[in-house]
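Please open the model in your viewer and keep the sequence panel beside it. The tour below goes from one selection to the next and says what can be found at each stop.

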Amino acid sequence: MAKNPYEQSIFDIQPAAKPQGPVECLGMMFDNDQNRREYFLDKLREKLKDPEFRKIEGFPIGSDEDILALSDPPYYTACPNPFIADFINHYGKSYDPNKPYSREPFAVDVSEGKTDPVYKAHSYHTKVPHLAIIPSILHYTEPGDFVLDGFCGSGMTGVAAQCCGSAPKDYRIKIDADFEKQGIEKPRWGDRRVILNDLSPIASFIASNYNIPFDVREFARAGNRILRDVEKEIGWMYETLHTDGRTKGRIEYTVWSEVFTCPDCAGDVVFLDEALDQETKSVKDAFACPHCGSQLTKNNVERVFETKPDPADGKPWKRVKYLPSRISYVVGRQRHEKQPDVHDLQVLSRISELPLPPEIPTTRFPIEQMYHGSRLAPKGFTHIHHFFLPRSAHALAVLWRKTQTYPDPRLRHMLLFFVEQTVLGMTLMNRHHVIGRANVNQWLTGVYYIPSIHEETAYWRILEGKLDRLTKAFQTEYFRSGTSALTTGTASQLNIPDSSIDYVFTDPPFGENIYYADMNFLVEAWHRVITNTATEAIIDKFKAKGLPEYQHLMQKCFEEYYRVLKPGRWMTVVFHNSRNSVWNAIQEAMQFAGFVVADVRTLDKQQGSYRQLTSMAVKQDLVISAYRPNGGLEERFKITAGTEEGVWDFIRTHLKQLPIFVSKDGQAEVIAERQNYLLFDRMVAFHVQRGVTVPMSAAEFYAGLTQRFSERDGMYFLPDQVAEYDKKRMTVREMLQLQLFVSDEASAIQWLKQQIIGKPQTFQELHPQFLKEIGGWQKHEKPLELLELLEQNFLRYEGNGEVPSQIHSYLSTNFKELRNLPKDNESLRAKGKDRWYVPDPNKAGDLEKLRERSLLKEFEDYRASTQKRLKVFRLEAVRAGFKKAWQERDYATIITVARKVPENVLQEDPKLLMWYDQALTRSGETQ
Ligand SMILES: C[S@@+](CC[C@H](N)C(=O)[O-])C[C@H]1O[C@@H](n2cnc3c(N)ncnc32)[C@H](O)[C@@H]1O
């Protein structure tokens with residue numbers, strides 16, 4: 001007789017004894033690793049009793065015992081890790097302002113490495129592959145340095161940091177060659193230490209398994225053993241009779257179909273049975289009712305609900321009805337398909353009569369606070385156990401039980417990492433694709449969606465191949481003991497000492513693309529430790545979090561990054577495709593926290609190379625490089641703030657951080673950040689974010705820039721940089737122009753400048769080109785005539801007196817007959833007449849003043865206007881008006897006009913947003 005499954009012993013074997021010597025941890029010696037773990041578990045147990053400890057923001061929801069069961073201190077805790085500071089103090093190198101450090105921004109290719117077996121060992125929402133991160137860590141850090149990722153998800157930053165010490169030779173050779181090709185100093189290979197944090201306990205748990213070493217062979221042995229034991233115990237649930245009536249087959253999956261009702265005869269219709277065209281293997285749009293023959297479509301049938309006792313508490317439970325429709329099974333290696341027969345139905349009915357196993361969580365979803373709650377509750381899915389058909393529930397429960405009782409804690413965690421990957425694929429969310437033989441795990445990622453056709457996959461189909469793949473992936477043994485420490489909590493409160501981190505790589509949540517806490521709830525409930533959503537950085541109306549709340553939370557996290565990062569060090573932020581307003585909120589949060597952005601790039605998937613971001617439209621993944629200013633700039637700025645000296649100190653510090661020369665395929669790139677208008681914007685932002693008046697106008701700034709720094713190809717350099725630039729510039733044929741998109745007045749001016757600077761042109765020449773460019777002009781932006789733009793920003797040579805140098809140099813280079821002529825030569829003057837050119841800084845000052853006057857006049861109209869919302873206006877006028885009002889501390893004007901600007905325009909314009917946020921903060925108002 002079969003043993004009662006709940007009493008069956010789990011492991012009659014102990015893990016093979018691994019020779020274990022004494023271990024060192026945080027400067028202490030332990031006889032073995034088990035003693036180390038017990039010592040720190042006791043400390044953590046004590047700490048958990050302290051009510052103050054539990055009050056830390058972002059503390060996960062779970063009992064002491066459940067938190068302890070997941071943790072492996074001091075390396076990992078499923079709550080804020082109280083040992084992180086000790087870890088850094090013990091292994092880190094304290095900040096030394098005299099130690100020279102200088103790096104240029106570096107772009108990563110976030111799409112690289114998505115097929116790597118380690119990357120694929122455990123899925124997580126929007127993973128960034130470790131192979132994409134390694135070069136970045138190598139570039140910015142030295143062996144032994146500390147890397148931090150506060151939104152670590154599945155912990156790929158940690159894997160990358162460890163790989164810097166353990167990467168195989170071939171890989172090192174390849175990366176060394178890549179660096180050499182890019183003209184970057186050769187990397188120094190060796191382990192980096194890493195701190196990983198995530199708000200979600202399931203994320204940090206996955207990350208801990210990815211980053212703490214374990215015995216791979218023993219893991220494979222234990223995994224196989226579990227699968228064999230589970231098969232012994234519940235194999236009967238997956239048995240079916242082959243169509244020969246004798247041979248036993250093993251069920252791969254059963255397809256369940258939702259049941260609808262016919263509007264004409266009220267008969268039940270098993271959707272898949274009727275709608276599936278067996279020949280073409282497609283679902284028909286229209287099909288006949290099996291009872292009355294009426295033509296049915298998915299739109300004219302109604303859902304059938306059934307009410308049964310809820311297996312958790314016996315109360316009536318009403319949910320949509322499913323019936324089994326097809327079974328796919330194997331006999332030997334041969335695959336077959338059939339309709340469920342009487343025997344199959346008997347087995348299913350026998351399983352459904354078994355009590356709900358105690359391992360299955362019966363927790364209620366926080367439906368009312370969930371974005372997808374309204375999709376689940378009406379279909380009858382409100383609790384975790386509702387998501388599993390009885391057979392899946394039993395299979396998962398046995399797997400979970402066997403894993404939970406594995407004696408060695410480190411392997412137990414790793415086995416949970418393995419088994420937990422069946423949870424989502426065994427829910428009713430798993431879809432069935434009628435065409436082709438679907439792979440496992442076909443739930444719709446990032447959402448709670450329960451399909452009408454569900455594939456109930458057998459646990460073994462998900463796990464058997466997975467175990468082999470995991471074993472192979474982890475055989476690369478990139479881990480090192482004690483190189484990583486992981487913590488669970490909010491990135492806005494990290495237990496990390498000031499100025500102790502050497503590099504931050506981070507991939508924060510981006511607005512409302514993925515509801516991490518909601519999505520993780522289903523798996524976290526199994527571990528009984530759940531994300532505390534109060535500090536989750538997200539836009540989610542069901543949690544009463546809009547864009548401002550998101551920005552505020554992100555700002556707090558960036559402030560924490562700023563505090564812990566050593567001055568002069570870098571942070572790389574990966575930002576996924578999303579709305580412009582979210583992108584602006586991130587930038588604003590970063591700058592408000594004190595960071596200076598030095599480079600923004602997007603991967604050009606077609607060309608496989610990075611482009612600098614020049615337009616506002618965020619359509620692709622972005623990589624942002626920002627730094628914490630160094631060399632005592634912040635200290636000096638406290639004294640020089642609001643003076644010219646402060647401005648030039650900032651610019652000098654900023655120029656030091658920018659790349660000097662970037663080339664590709666024999667062409668040099670214009671480094672956008674080195675152009676005068678972007679330098680001006682950065683300088684203004686630096687002042688404004690620190691609440692300091694900007695002591696000069698754009699024109700004064702441009703003039704000062706030309707006086708103090710060397711200009712090359714429209715970019716500005718420090719004296720020692722320019723020599724290097726000139727040397728490298730000689731090695732390339734030409735300059736690659738930045739691609740500019742004209743969408744408003746500001747971008748039109750930049751575009752015109754780009755056209756005119758190398759080739760002064762007449763209005764007639766420019767006009768047709770201009771008309772071609774303005775197709776993307778924004779709806780709300782006041783249309784401007786080309787002539788108006790030219791007159792307000794450029795100068796026209798009227799044909800009198802000497803030909804301006806810009807025109808002279810263009811004509812004499814491009815027209816043989818005009819070479820070597822004096823500037824007042826008749827033919828030269830005739831050819832130069834009516835050409836527009838870029839004014840030199842002194843003249844630009846006069847023009848700028850005139851333009852500003854006209855912009856402010858227009859702004860005054862907006863202020864005085866009685867219109868509730870401005871429909872069409874000049875953004876440049878609003879920007880100029882905000883800047884002036886801010887300098888005069890007239891926050892009320894900014895707030896009044898901002899409220900007249902359409903909300904999407906305000907949120908999508910980083911400059912307006914900056915003044916507006918500042919005005920709100922300084923006047924004590926909130927949005
Ligand atoms: C884009 S994912 C990171 C994915 C990661 N790069 C990977 O490869 O798996 C963002 C993460 O931020 C976490 N998160 C959200 N709010 C947070 C907060 N306030 N502090 C820390 N983590 C947070 C989410 O739980 C989610 O795991």
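In which loop is the place of L26? Select L26, keeping in mind that this is a predicted model, and you will find this residue in the loop between strand 1 (23-25) and strand 2 (28-30). Its backbone deserves a look, since most residues other than glycine have a negative phi. L26 is not a glycine, and yet its phi is positive, at about 50°. With the cut-off for buried set at under 20% relative accessible area, L26 counts as buried because its relative accessibility is 12%.

Next, select N820, which lies in the loop between helix 27 (805-814) and helix 28 (826-832). N820 also has a positive phi, near 55°, and is a residue other than glycine. Is N820 buried or exposed? Its relative accessibility is 76%, so N820 counts as exposed.

Then select P73 and P74 together, and look at the peptide bond that joins them. Most peptide bonds are trans. The bond between P73 and P74, however, is cis, with an omega of about 5°, and P74 belongs to the loop between helix 3 (64-70) and helix 4 (84-91).

The ligand is surrounded by 25 residues, of which Y124, S154, D198, D507 and T535 are the closest. At T490 the atom to look for is a polar one of the side chain, which lies 3.2 Å from a ligand nitrogen atom. On its own the ligand has 610 Å² of accessible area, and the protein covers 98% of this. The space that the ligand takes is the largest cavity.

The last stop is strand 23, so select residues 622-627. Six of the six residues of this strand are buried, which means that strand 23 is largely enclosed by the rest of the structure. If you show the side chains, L622, I624 and A626 point one way from the strand, while V623, S625 and Y627 point the other way, and all are buried.

Note on methods. Residues numbered from 1 in each chain as written. Predicted model: local features only at pLDDT ≥ 70, side-chain atom pairs only at ≥ 80, totals over all residues. Heavy atoms only, no water. Buried < 20%, exposed > 50% of the residue type's maximum accessible area, 1.4 Å probe, protein only. Helix = DSSP H or I, 4+ residues; strand = E, 2+ residues; numbered from the N terminus. Near = heavy atom within 4 Å. Polar contact = N/O pair within 3.5 Å; in protein donor to acceptor, adjacent residues only side chain to side chain. Areas by Shrake-Rupley, 256 points an atom, 1.4 Å probe, with all protein chains shown as cover. 1 Å grid on protein atoms, 1.4 Å probe; cavity = no way out; pocket = protein on both sides within 12 Å on 5 of 7 lines; lining within 4 Å. Sits in = over half its atoms within 2 Å of the grid points.
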